[in-house]
Amino acid sequence: SKQCISALTLLRELKIKNIQVIWIHPSFDFNQLPEPQNNLIYIIKSYGAGNLPKHPKLEDFLLKAIQKNVAVINHSQCFYSVVDMSIYDAGNWLEQYNVIGAKNMTLEALMGKLHCIDADDIENLKAQL
């Protein structure tokens with residue numbers, strides 16, 4: 001049917017990306033953060049409006065991500081929240097590391113958009129999100 005053909009066309013056009021979700025929680029061991037890889041996009045699940053503890057290991061991870069031009073996206077763990085890193089100091093510090101706020105997207109919507117966006121750099125990805 002025409003619907004099946006258009007769905008197959010869409011699947012062929014998807015820009016499949018490797019995405020890793022990192023859930024930060026109160027007992028999270030920051031020593032377990034991965035080494036940023038060029039072929040990955042990282043989604044960090046944060047608190048509330050996009051807040052994360054300022055931890056040296058997390059800062060190191062974000063700095064390495066910048067150096068490798070690896071996108072890091074800040075996504076809230078809350079069901080009904082908007083990531084706005086400018087509200088609190090606990091989120092504000094992330095902006096200096098070029099972390100992208102996911103705004104009010106669900107995780108599923110964010111993943112779907114990431115697979116449809118054709119972006120080679122962080123600024124282009126940020127603009128298209």
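**Salt bridges and cysteines**

Tutor: Let's start with Glu35, which counts as partly exposed at 41% relative accessibility. Keep in mind that this is a predicted model.

Student: Ok, which residue sits across from Glu35 in a salt bridge with Lys68, and how far apart are N and O?

Tutor: Glu35 and Lys68 meet through their side chains, with 4.0 Å from N to O. That pair links distant parts of the chain, 33 residues apart: Glu35 is in the loop between E1 and E2, and Lys68 is in the loop between H2 and strand E3 (72-76). Lys68 is partly exposed, at 33% relative accessible area.

Student: What does Lys64 do with Glu35?

Tutor: They form a salt bridge too, with the closest N and O atoms 3.3 Å apart. Lys64 lies in helix H2 (residues 56-67) and Glu35 in the loop between strand E1 (18-23) and strand E2 (40-46), so this pair ties together parts 29 residues apart in sequence.

Student: And where do Asp60 and Lys64 lie?

Tutor: Both are in helix H2, 4 residues apart, which is about one turn of the helix. Through shared partners, salt bridges join Glu35, Asp60, Lys64 and Lys68 into one network.

Student: How many salt bridges turn up in the whole structure?

Tutor: The search finds 4.

Student: Switching topic: how many disulfides?

Tutor: The count is 0 for the whole structure.

Methods
Residues numbered from 1 in each chain as written. Predicted model: local features only at pLDDT ≥ 70, side-chain atom pairs only at ≥ 80, totals over all residues. Heavy atoms only, no water. Disulfide = S-S within 2.5 Å. Helix = DSSP H or I, 4+ residues; strand = E, 2+ residues; numbered from the N terminus. Buried < 20%, exposed > 50% of the residue type's maximum accessible area, 1.4 Å probe, protein only.
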